[in-house]
Amino acid sequence: MNQNPNWQQARQSAQSVAPNNLLARLRADTRGAHEALDQAFAPFQADPAAHLRSFLAAQMAGLTALSSSARLPHNTASLSLLSEMLDRLAQDCQQMAIPVPVVRPRSGLHPLAVAYLVIGSRLGTEVLRRTLVASGTERIPLYFAPQDYKAAWQGLCAELSAQSAAGPLADDVCDGVIAGFELFHSAARLTRETTGKLT
Ligand code: HEM
């Protein structure tokens, strides 16, 4: 579990502005967790070649744990993206002989929370692909290859925007997204400890 005080602080101040639907609440309540993750992977963005293997190991560890933490059945909009991402990461890690740490999964994360993380993370991957290309990396791993996620993202945003920001469903989804981000924080930390990279 990440104990970053800045993250907790950001979350508390975001909560003081009342969001008017569930998507707005997720953005407000999890902005700090996402920014902290962005920071955890900052070394990769600054020097992609030096940290590529560790970045892929952390993504594989985090996504595997996220997938195992989902309350079943999976959200149908994200399921095919999730299995394609896992498959691509598995191929990348196998081809590059990258050891992957094991992150202990949680249980019962709401399928909408998992879908928000799975599909939303592809938005960031677009940015990272451009960074990799600009760095002159010769072989771009499969994980960064474009995926057709835009319709799924629009559909998910419409579904979340139609839900109330308060109540048991909203709390369940929001807790799931925060727990999901924590899995990726654990993945980054474990990878850092085992490889000495991402520091
Ligand atoms: C180096 C790592 C990462 C970077 C640089 C990054 C960057 C970004 C950027 C730039 C966006 C906004 C794109 C846009 O508005 O067009 C975004 C969105 C998002 N990212 Fe990340 N990301 C990273 C990792 C992750 C990970 C590991 C996850 C979750 C597992 C994640 C979850 C999300 C979500 C859910 C959104 C959508 C937020 C919303 O609009 O509601 N990101 N990311």
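Helix axes are lines fitted to C-alpha atoms over the stretch in contact, and angles between them run from 0 to 180 degrees between N-to-C directions. This is a predicted model, in which local features need pLDDT of at least 70 and side-chain atom pairs count only at pLDDT 80 or more, whereas totals for chains, interfaces and linings use all residues. Residues are numbered from 1 along each chain as its sequence is written.

**Helices α4 and α8**

- Helix α4 (residues 48-69) and helix α8 (residues 168-195) have axes that come within 8 Å and cross at roughly 145 degrees; helices here are DSSP runs (H or I, at least four residues) numbered from the N terminus.
- On the α4 side, the residues making the contact include Ala57, Ala61 and Ala65, and on the α8 side they include Leu183, Phe184 and Ala187 (two residues are in contact if their C-beta atoms, placed from the backbone, lie within 7 Å).
- This contact of α4 with α8 comprises 10 nonpolar, 6 polar and no charged residues (Ala, Val, Leu, Ile, Met, Phe, Trp, Tyr, Cys and Pro count as nonpolar, Asp, Glu, Lys and Arg as charged, and the others, Gly among them, as polar).

**Helices α5 and α7**

- Helix α5 (residues 76-95) packs against helix α7 (residues 150-161) at an angle of about 145 degrees, and their axes are 9 Å apart.
- The crossing of α5 and α7 is left-handed.
- Ala77, Ser78 and Leu81 of α5 meet Ala152, Gly155 and Leu156 of α7.
- By class, the contact of α5 with α7 has 4 nonpolar, 2 polar and no charged residues.

**The shell around the ligand**

- The ligand is surrounded by 14 residues, of which the closest are Phe41, Gly120, Ser121, Leu123 and Gly124 (a residue is near a molecule if its C-beta atom, placed from the backbone, lies within 6 Å of it).
- Helices α2 (22-40) and α6 (111-134) each supply at least two residues of this shell, and α6 contributes the largest share, 8 residues.
- The shell divides into 8 nonpolar, 4 polar and 2 charged residues.

**Asn21**

- Asn21 lies in the loop between α1 (5-15) and α2.
- Although Asn21 and Ser161 are 140 residues apart along the chain, their C-alpha atoms are separated by 5.3 Å.
- Not counting residues up to four places away in sequence, Asn21 touches Leu160, Ser161, Gln163, Ser164 and Ala165.

Conventions: Left-handed = near helix turned anticlockwise from the far one by under 90°.
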